[in-house]
Amino acid sequence: MTLRKMTTTAATALLAMGGVATAQAEELTLCWAAWDPANALIQLGKDFEEQSGHTMNYEFVPWPNFADRMLNELNSGGQLCDLMIGDSQWIGGGAESGHYVKLNDFFDAEGITMDDFIPATVTGYAEWPKGTPNYWALPAFADVVGWTYRRDWFERPELQQAFMEEFGRPLDVPATLAELKDIATFFQGREIDGNTVYGAAIYTERGSEGITMGVTNALYNYGFQYENPENPYELEGYVNSEGAVEGLEYYKDLYDTGTPPGSSNWYMSENIDAYKSGQVAMQMNFAFIWPGVDSDPNVGGDKSGYFPNPPGPFGQFAQLGGQGISVVSYSDKQDAALEYIKWFAQPEIQSRWWELGGYSALRAVVEEPGFAESRPYAQTFLDSMAIVKDFWAEPAYADLLLAMQDEVHDYVVAGNGTAQEALDDLVEEWTIIFEDEGKL
């Protein structure tokens, strides 16, 4: 009997005894990225330890190394992690390779329904295949790319006047991506309080996923699609459509005219540092940073504002971030791990998760009256989660991502070739990957 069948059988036997039974005290290890939400999860998890008698250990890995470290752990059948908060793109590989325990029977037995979660997070974090009721994770941390801006700079009368004279409209939250670029170029190289500042910090990092997580916020809104919606894996004319080319050209233009010198390899932490140190008027970043911005002594409070990724000619979309929490199939503590999932799904725990700085995907939390006013960025979070799209979640996602990272960075940052050539090359590379996967 394979290990995958053994672990599935163990989970099924547990459910047959009436769901998650109280197991003997265990030491569980939860694996995730090393970032602020992980610290909030440690605080939250103290409640689980008190209620269950289990002890929680944590293995947190910095984002640049997270995928390599944890995918190697999964692919080797390692037993370090009992629970994994894996990236949304891992769900296909986690399901098809047998890394994650399928949770349908468990959800049914415990009365946990995916109807209770934000639909985009169910699709993005839990389902495989997409669009089917097959669940391999519980939505754990809802996240999305949005924008932070220096409200105090935008409101200065002298800057308002200068912007009106140049662009003929008030300096305000951009209504379109084109307006966002105008604002970035307006601030580029401008002197404020004796310091030279710049327009925007955007994602340009090449080594992991950074520039892909950034450029898609332009590509989607200019018409890029991953495939023909009527014919899966048909890429030609969708990945490299006329609109997609325009979107890639837009992102390069924004990089060339509105970003700080030396920002050729920036991702989340570099953008945070640039914004908090007063280098830029705006920053692109995932929503997880907003609690830290709001509490920052230099840029927090009324000095900063938040807005969703603006629309482009094709519509308004934003890159989905966030993760689901899964039970690792190689764990020999699956019963205790399932106890954690059941505990974490409770509305009162999800509400506490939001209070501590986590981003709940539970509708009972985000649809609660007053939620939009609960934090300065809460309404922007809701608006952003309503417009999300995500990267491929195929088992071959890492190869698909590497190809896009290389092609896009080579054009946007290095300035090689044209946008059309970059996307044409991407179609060729992705086609080869899907042929090797037997999808074409």
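Y233 is buried (under 20% relative accessible area, with exposed meaning over 50% and partly exposed in between, for a 1.4 Å probe and protein chains only), its relative accessible area being 16%. The residue is placed in the loop between helix 10 (210–222) and helix 11 (242–258), where helices (H or I, at least four residues) and strands (E, at least two) are DSSP runs numbered from the N terminus. The model is predicted, with local features requiring pLDDT of at least 70 and side-chain atom pairs counting only at pLDDT 80 or more, whereas totals for chains, interfaces and linings use all residues. Residues are numbered from 1 along each chain as its sequence is written, and side-chain values use heavy atoms, with hydrogens and water left out.

A positive phi is also found at D193, where the value is near 55° in a residue other than glycine. D193 belongs to the loop between strand 5 (191–192) and strand 6 (195–196). With a relative accessibility of 57%, D193 counts as exposed, whereas Y233 is buried. The backbone has a further feature at P129, as the peptide bond from W128 to P129 is cis, with omega near -5°. P129 lies in the loop between helix 6 (119–125) and strand 4 (138–150). Most residues other than glycine have a negative phi, and most peptide bonds are trans.

The domain assignment gives domain 1 (27–143 + 321–389) and domain 2 (145–319), the bounds coming from an automatic or database domain assignment. The contact between them (heavy atoms within 4.5 Å) takes 19 residues from domain 1 and 19 residues from domain 2. The C-alpha centres of domain 1 and domain 2 are 28 Å apart.

In soluble globular proteins, nonpolar side chains tend to be buried together. When residues up to four places away in sequence are not counted, W430 touches F224, Y226, L235, V239, F391, W392, L400, A403 and M404.

W430 also takes part in the packing of helix 18 (residues 397–412) and helix 19 (residues 419–436). The axes of these two helices (lines fitted to C-alpha atoms over the stretch in contact, with angles running from 0 to 180 degrees between N-to-C directions) come within 9 Å and cross at roughly 165°. Helix 18 is therefore roughly antiparallel to helix 19, given that angles under 35 degrees count as roughly parallel, over 145 as roughly antiparallel, 65 to 115 as roughly perpendicular and the rest as oblique. The crossing of helix 18 and helix 19 is right-handed, a crossing being left-handed if the near helix is turned anticlockwise from the far one by less than a right angle, and right-handed if clockwise. In helix 18, D399, L400, A403, M404, E407 and Y411 make the contact, with A419, A422, D425, L426, E429, W430, I433 and F434 contributed by helix 19.

Helix 2 (residues 36–52) and helix 15 (residues 347–356) have axes 9 Å apart and pack at an angle of about 140°. Helix 2 is thus oblique to helix 15, and passes it in a right-handed crossing. The contact involves P37, A40, L41, Q43, L44 and D47 of helix 2, together with I349, R352, W353 and L356 of helix 15.

For helix 8 (residues 157–167) and helix 9 (residues 177–187), the packing angle is about 120° and the axes are 11 Å apart. These two helices are therefore oblique to each other, and their crossing is right-handed. L159, A162, F163, E166 and F167 in helix 8 meet D182, I183, T185, F186 and F187 in helix 9.

Two partly exposed residues complete the description. P291, in helix 13 (residues 290–294), has a relative accessibility of 21% and counts as partly exposed. Neighbours within four places in sequence aside, P291 is in contact with G357, Y359 and Y377. N265, in the loop between helix 11 and helix 12 (268–276), is partly exposed at 42% relative accessibility. With neighbours within four places in sequence left aside, N265 contacts T204, E205, R206, G207 and E270.
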